[in-house]
Amino acid sequence: PRLLNLKQLLETYISHQKDVLLRVTNFELEKIKARIHILEGLLIALEDIDNVIALIKGSESAAAAKISLMAKYHLSEIQAKAILDMKLSKLAKLEKIEIEDEKKDLIAKSEELSQIIKNPVPKLTEIFTDMKKKYGDARRTTITQIAPETKEEKEIEFVEPEKCVVV
């Protein structure tokens with residue numbers, strides 16, 4: 001614990017909010033990249049679905065099918081596992097369109113998150129503006145300048161500074 005003045009407190013809070021924003025954005029970006037990677041593998045499999053089904057059907061085990069998919073289509077282990085876990089209902093043409101649409105949406109979202117990582121100031125401004133709208137209100141007290149009476153002014157002029165102890 002340490003003592004901070006108002007400026008230091010605000011700077012520390014803003015720095016913390018920036019750090020939180022960057023960590024959350026990086027986390028979401030990594031999740032999106034992983035999902036795009038899987039979707040690319042699914043699209044590769046859907047392009048040549050008949051051969052993929054024959055390859056899986058001809059394999060002795062799921063592990064062998066995964067290795068065969070990885071070798072033939074140059075897929076990663078995650079992509080091959082996603083293909084093996086895919087339900088047969090996903091083979092329809094509409095599913096391919098949905099996968100492509102999801103991939104486009106995720107790419108757009110990842111570009112947006114990349115922009116936030118490059119320049120977090122606009123997003124931080126938006127966050128603080130929302131916070132101001134939610135919690136901000138008008139000042140409840142009024143500050144007035146009270147002028148001392150002329151009698152008090154004269155008394156203050158004649159007070160001499162002296163050492164004293166307050167108990």
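Biologist: What percentage of the 167 residues in the protein chain is buried?

Modeller: This is a predicted model, where local features need pLDDT of at least 70, side-chain atom pairs count only at pLDDT 80 or more, and totals for chains, interfaces and linings use all residues. Residues are numbered from 1 along each chain as its sequence is written, and side-chain values use heavy atoms, leaving out hydrogens and water. Buried means under 20% relative accessible area, exposed over 50%, and partly exposed in between, with a 1.4 Å probe and protein chains only. By that rule, the buried share of the 167 residues is 20%.

Biologist: Okay, and which secondary structure elements does the protein chain have?

Modeller: Helices are DSSP runs of H or I with at least four residues, and strands are runs of E with at least two, numbered from the N terminus. Read from the N terminus, the order is α-α-α-α-α-α-α. The tally for the protein chain is seven helices and zero strands.

Biologist: What radius of gyration does the protein chain have?

Modeller: The radius of gyration is taken over C-alpha atoms, and the globule rule is 2.2 Å times the number of residues to the power 0.38. The C-alpha trace spans about 105 × 35 × 25 Å along its principal axes. A compact globule of 167 residues would come out near 15 Å, but the protein chain has 33 Å.

Biologist: How is the aromatic pair arranged: stacked, edge-to-face or tilted?

Modeller: Rings of Phe, Tyr and Trp (its six-membered ring) pair if their centres lie within 6.5 Å; planes under 30 degrees apart count as stacked, over 60 as edge-to-face and the rest as tilted. The whole structure has one such pair. The ring centres of Tyr-13 and Phe-128 are 6.2 Å apart and their planes sit at 45 degrees, so the pair is tilted.

Biologist: How many residues apart in sequence are the parts that this pair ties together?

Modeller: Tyr-13 is partly exposed at 35% relative accessibility, and Phe-128 is partly exposed at 22%. Tyr-13 belongs to helix α1 (residues 6-47) and Phe-128 to helix α6 (residues 121-135), so the parts tied together are separated in sequence by 115 residues.

Biologist: Which residues does Gly-41 touch, not counting those up to four places away in sequence?

Modeller: Gly-41 lies in helix α1 and counts as buried, at 0% relative accessibility. Contact means heavy atoms within 4.5 Å. With residues up to four places away in sequence left out, Gly-41 touches Leu-75, Gln-79 and Ile-83.
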